[in-house]
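User: I'm new to this one, could you walk me through it?
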Amino acid sequence: MAFDFFQKISRAPTNPHAKPTTREFDVADLYRGPVDAGEAAPGAAPGLDEKLRQAYFWIVNKAIISPHYDIEYNDGPAQTFTVGDSKRVLTLPSGQSYSSYVLLPLLTFATRRKCLFVGGPGRGKTASAILMGVLAGVPVRDVRRAMQHGHPQMTIADLLGNPLPADMVNAQTMESIRISWRAWLSMRVKIIDEYNRIPTRTQSALLTVMGDNYAEVLDQVFECPESSWFLTANDDQGGGTYQVIEALRDRIDVIVQALAFNPRFLDDLLVRIEEDVRPEELMPPELIFSELDVDTMGREVRAIAVPEDVRRRLEFFASQFELLDAAGGQFEYMTKDTARLSGVDWRDITAADTGRDRMKDLGCQTRNGVSVRNLMTLLVYAKALAYFRGNPAVELEDLRQVLPFVLRDKLHPDLDAPFFAVPEHAPYRTDRVSWLRHLFDLSNAEFLRLNLEHDDPVGEMAALFAQGLDGVSERETRARLVKIEKLIASLTKGKKLYGHLYDDLLKLKYLHQRYTNYLAWLRAQ
Amino acid sequence: MLKPAYAGVLAAGRDQYNARMREAQRRYPMLSHDVFRAFLDNAGAIVDAVAPERVQPVVDSIYDLGLALAGRTLIGPAARSPVLQDAWRTLFPRFAILIAREPAQVLGMLSNAVVHLEAIPGTRLTQWMDDMGALAAQVGAVDALRAVGQIAAWRAGAAHFRAGALAAAAGLPAPLALAALHAPDGMQVDALLRQLAGDPWWQGGDPHACRARSFGAFTGFGGPFDAPPTVKPDGDGFLVHAGGRAFFLLADAYGASLQAATLAEFERAEPGRVPTTLAHAQACANATTIAITSPFTHAIRLEARS
């Protein structure tokens, strides 16, 4: 008999939302209750978002022992306790909260992105990755066989496949050499265990598969299907046998940390030993997602709205970090990327960065800015989290919760910055997730202080331009140009240059240029 | 003391039954051996009533259901009430023919129904059991049992099952439907169903039916409202607002039941006020029912409009 405990999944809505629909009471409810009487559940099959939640709750309740609820949501005030000499705060969230270690991989699965599990040995990183493979309907045995284990001798042929020996001898042209591709390349959930033990040259081949979704050996190309990726590493900071190439790290969308096992859950481990069960082998079939399910889920996630007020917060946050006015002579080149490309020592450049309040300026806390890829990933995961929570639109809290996991390895702290020298900020030197969340909170506080929620003249100018130029007269165009110039003058008069202002000015310059071009065209008519 | 046939099945499957018990103990930490043993004794009347060749599957079902019920403390000293245990002893054996045919389904349905009705405040579980016991001899199929149980549940006070119960009654053989609905002498099924559908407060000589009732009380006294409620009509029922929470109330001649609603629904609803001469009281009405509330009481008075 199968160990039934692991087969049980949540039957009730896992995140019930009150729907103002016509009331219909199902008299068949009378026979639904604590024991199985063979009465079918009401209505059609649950939506894919509900199925995803069921999968989440099955994993946290049955498969992953001692989950940590670090993605906190509140419906009203939360209960907090100040603990210890360090005055750390323990929060009891008042809303349904989640474990990042399970949720982020699930969202990765739903959106077919790339997730890296990090943490010490024996914390279940590989087991969690295998669960994601099983969720896609692949038998556990096949998932295990298809998993790539990084090791120092791993060659490109080990990773991608070998040319057929007979063809190597007989072929007259490269095109006629057939390749025996590795089975994992065609799988929709790809698992690379200990990817930081793969030699650098093989990492480059892996980069092609991860980045461009194809594999190449001896001029032969294998097109891989769209898939989600799960990688594991004992250390995401460049440890392992080989340094991970930057481009490969950049392809990883989220990083989740396997937190420590709580020995209070030892009895759960004991059950597994005594019953000789592995949860991944007992996943209920109702939780398996077909290829079509994942395709549909991807479409539904993309359809989740990002309201303008949420988008503005992200814009404001992202605009904090790229500016480094000491790095460039021309306005457009005053960026950290210019400094990085120059190869000049970081400290030399930041020493010349004067005039701003380096404690207050959020940009001073990082050594780089947020890339386009990072922003797109952030939006995808924020949408996915809203979808998972059964909401039609992204809330600010969704963005706040996914941001640290997306930017963990992307936004690098400048540990020499004054912010990190403050004793209360010492934990942020080691805890990237908390630092990034704190950074986003600071950005939001600044956004509210500047009253940008209600007074955003640059946003208004952009919205006006977005209405199109059809029918805009020469006179009106000139008026808008003057308005932009006046706005720039008022924004810059007597003010120091911060990241968000820098981006606003560049946006105004863009609008000015578009109107200038339009004016030239009008006059040529 | 178990009868030999019953004890024989348990003894023959000792290893398997012990394994199920071990598994259930993992799943239900509250599972008590004593409670489960008493349950098996209690279910002896069912086993005694089924044909010998069906004893094995019936015992299998009793065993598994017993583990689930005992594990969830729905039976035994820790249970909310002894009703379910009583039902297994007194009511369920009367459906022995059906149990022998579909043991897991019938025992599961009946157990779930008792648990479900027990959880609805104001329902008359004893009346439901009496009705079911009285109709048992006429129920020859699981579908008929399902419909009869639904009708009896509605008549026992689960007002939100009214529409579903009437629909179920329409699918029953006429004599069984008339008996389940306690029809007045000489009344035809079609006419009876029309009458019940048209007037939720129709009594038809049924002693359990009435044309007015009070519903609700202060939470401190076990009621659902922590402040005197206000109501607005909404379809067949009323939206109720009390102490920052909203509910949906359905009432008819046999009872009243309260379901969850949202504050937004309450705010959207029209007041639907009707005049009243009662001092400090407010009245509103839907097509069939008048609801009267007062800032001095946590109860809602519901009366037939016609």
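Analyst: What follows is a short tour of a predicted model, taken topic by topic.

User: Okay, which domains does chain A have?
Analyst: The domain assignment of chain A gives domain 1, covering 101–302, then domain 2, covering 308–449, and domain 3, covering 457–524.

User: And what separates the centres of domain 1 and domain 3 there?
Analyst: Taken over C-alpha atoms, the centres of domain 1 of chain A and domain 3 of chain A are separated by 48 Å.

User: Switching to chain B, in what order do the strands of the open sheet run?
Analyst: The open sheet in chain B is formed by four strands in the order E2-E3-E4-E5, and their pairing is antiparallel. Strands E2 (230–234) and E5 (255–260) of chain B stand at the edges with a single partner strand each, so one side of each is left without a neighbour in the sheet. From one strand to the next, the twist averages 30°.

User: How many bridges pair E3 with E4 in chain B?
Analyst: Strand E3 (residues 237–242) and strand E4 (residues 245–252) of chain B pair over five bridges in the antiparallel sense, and Leu239(B) has Phe248(B) as its bridge partner in E4(B).

User: Now the contact, how many residues does each chain put in?
Analyst: Chain B contributes 32 residues to the contact, and chain A contributes 21 residues. On the side of chain B that touches chain A, several helices each supply at least two residues, among them H2 (14–27), H5 (55–71) and H8 (103–118) of chain B, and the largest share, nine residues, comes from H8(B).

User: What kinds of residues are on that side of chain B?
Analyst: The residues of the side of chain B that touches chain A divide into 15 nonpolar, 11 polar and six charged.

Conventions
Residues numbered from 1 in each chain as written. Chains lettered and ligands numbered in written order. Predicted model: local features only at pLDDT ≥ 70, side-chain atom pairs only at ≥ 80, totals over all residues. Domains from an automatic or database assignment. Pairing = 2+ DSSP bridges. Axes fitted to C-alpha atoms, helices over the stretch in contact; angles between N-to-C directions. Contact = placed C-beta atoms within 7 Å. Nonpolar A, V, L, I, M, F, W, Y, C, P; charged D, E, K, R; others polar.
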